[in-house]
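User: Could you walk me through this one? I'm new to it.

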Amino acid sequence: MHSIGYRANALLTFAVTILALMCAIVSLSDNLNSPSPAAQVQVLNINWFQKKPDGDDEVSLTLNISSNLQSLFTWNTKQVFVFVAAEYETSKNALNQVSLWDGIIPSKEHAKFWIHTTNKYRFVDQGSNLRGRDFNLTLHWHVMPKTGKMFADKIVMSGYRLPEAYR
Amino acid sequence: MDWQGQKLAEQLMQIMLVSSAVVAFISGYVLGSFQIMLLIYAAGVLLTSLITVPNWPFLNHHPLKWLDPSEAEKHPKPVSANTSSKKKAGKK
């Protein structure tokens with residue numbers, strides 16, 4: 001501690017180390033939060049359902065996605081990334097997951113929402129297996145922190161079915 | 001800065017930084033604002049650096065008593081002969 005440079009170095013190093021520890025504790029405090037999210041997705045309409053020239057099935061849906069994810073937000077939440085995926089099984093693949101829509105929720109105020117939209121991303125199968133197919137719609141979310149661990153979870157909604165014939 | 005001052009500066013620095021961190025964390029948690037926590041901590045670091053880094057007079061209350069030059073001349077350094085210095089080098 002004999003010179004200004006020495007003391008400044010010691011102070012800065014210690015300050016940054018303490019900052020790292022603070023961030024770790026902030027991230028741990030996120031575990032104290034017990035979220036209670038709610039979501040519902042309705043398929044309002046099957047707009048069209050066709051087999052593409054390359055042989056793969058494709059369907060266009062109009063969805064009503066409503067959700068309350070406000071309990072996910074803590075003081076350490078930067079944003080919540082949310083997406084809706086269609087999940088189904090075929091003889092070719094044990095699990096198919098196709099992302100239909102996603103969004104970013106920047107703050108708690110925006111976390112209670114409903115949106116009426118066609119699928120943002122194309123619902124295409126690997127092959128021609130969608131006729132009469134039962135599928136789940138799963139709402140996934142990733143809680144992105146300001147510092148530390150990211151939490152991800154989902155709500156599975158089942159009971160959806162595609163038509164037996166192309167339209 | 002004298003020895004006592006250095007010790008005081010080091011202790012002050014550690015205590016002030018840790019207290020800034022504790023105050024910052026509690027304030028941020030209670031107010032639910034990450035930004036407030038960082039701002040309070042940054043202010044604490046700045047305050048600590050202003051108090052402990054510069055060579056303040058209150059950190060020099062026990063100055064080292066260097067020997068007066070006139071007194072030093074009365075007691076010259078012992079002159080070491082070539083052989084004795086070689087022995088010392090060997091011992092190292």
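**Strands and interface**

Analyst: Let's start with a facing pair: A85(A) stands opposite T138(A) in β7(A). By way of background, this is a predicted model, where local features need pLDDT of at least 70, side-chain atom pairs need 80 or more, and totals for chains, interfaces and linings use all residues. Residues are numbered from 1 along each chain as written, chains are lettered from A and ligands numbered from 1 in written order, and side-chain values use heavy atoms, without hydrogens and water.

User: Which strand of chain A do 10 bridges join to β3?

Analyst: Strands here are DSSP runs of E, at least two residues long, numbered from the N terminus, and two of them pair if DSSP finds at least two bridges between them. β3 covers residues 77–88 of chain A, and its antiparallel partner covers residues 134–145. That partner is β7(A).

User: Which residue in the turn between β7(A) and β8(A) has a positive phi?

Analyst: β8(A), residues 151–161, pairs with β7(A) in the antiparallel sense over nine bridges, and H140(A) stands opposite K154(A) there. The two strands form a hairpin with five residues between them. The one with a phi of about 105° is G148(A).

User: How many salt bridges does the rule find across the interface of chain A and chain B?

Analyst: The area buried there (accessible area lost on being put together, 1.4 Å probe, summed over both parts) is about 2000 Å², 83% of it from carbon and sulfur atoms. A salt bridge needs a side-chain nitrogen of Lys or Arg within 4 Å of a carboxyl oxygen of Asp or Glu. Across this interface, the count is zero.

Definitions and conventions: Buried area is the accessible area (1.4 Å probe) that two parts lose on being put together, summed over both. Helices (H or I, at least four residues) and strands (E, at least two) are DSSP runs, numbered from the N terminus.
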